[in-house]
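Please view the sequence and the model together while reading.

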Amino acid sequence: MTEKLYYSMGEVAEMFDVNPSLLRHWETQFPRLRPHRNRKGNRLYTKQDVELLKRIYHLVKEQGMTLDGARRALRQRASSPVADRDAELLERLQRVRALLEEVREELKEEPSAAESPAPAATRPSELPERSDKKEEVPPKSARPAARREPATDEDPFACYEQTLF
């Protein structure tokens, strides 16, 4: 949301992804929601109006309250400082969510590490064998049934892909 003194009804409707008619209806149902009007008669919403609309939207659309229930909840919260804190936390969480969605989109655009070939030094078939410690291999009967011996020497970890993923 850009920082402006006034927002038009279309801008506010777009912010909440609702029809302008719903905003006009909410004006009739919530006495505290009274946007200014210019000479032409267009509604101009202030920051305080937008904050009130955020609370109304949260109560009605996200929590599923009726308009009467939302009106009562707003009256109760108006006297409580917890409401401001809740609204601030909600706004912060929405910003974090938007940021995470941006990161997700960026990650989708970049090729993943699994699709690109591994560098030559990290391929399992080309790693040097460790000779300092030898682990004892349990007999086949003591091994778990899901683990299978690799089919070829090229991919010694193929049996783990099936069991882990």
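Strands β2 and β3 (residues 43-45) pair in the antiparallel sense over two bridges. Strands are DSSP runs of E with at least two residues, helices are runs of H or I with at least four, and both are numbered from the N terminus; two strands pair if DSSP finds at least two bridges between them. This is a predicted model, in which local features need pLDDT of at least 70 and side-chain atom pairs count only at pLDDT 80 or more, while totals for chains, interfaces and linings use all residues. Residues are numbered from 1 along each chain as its sequence is written, and side-chain values use heavy atoms, without hydrogens and water.

Within this pairing, His36 has Leu44 of β3 as its bridge partner. The open sheet consists of three strands in the order β1-β3-β2, with antiparallel pairing. Its edge strands, β1 (7-8) and β2 (36-37), each pair on one side only.

Helix α3 (residues 47-62) contains His58. This residue is buried (under 20% relative accessible area, 1.4 Å probe, protein chains only; exposed is over 50%, partly exposed in between), for its relative accessible area is 18%. The side chains of His58 and Glu62 are joined by a polar contact of 2.6 Å. Such a contact is a pair of N or O atoms within 3.5 Å; within protein, one must be able to donate a hydrogen and the other to accept it, and residues adjacent in sequence count only if both are side-chain atoms.

Helix α5 (residues 82-109) holds Leu107, which is exposed, with a relative accessible area of 57%.
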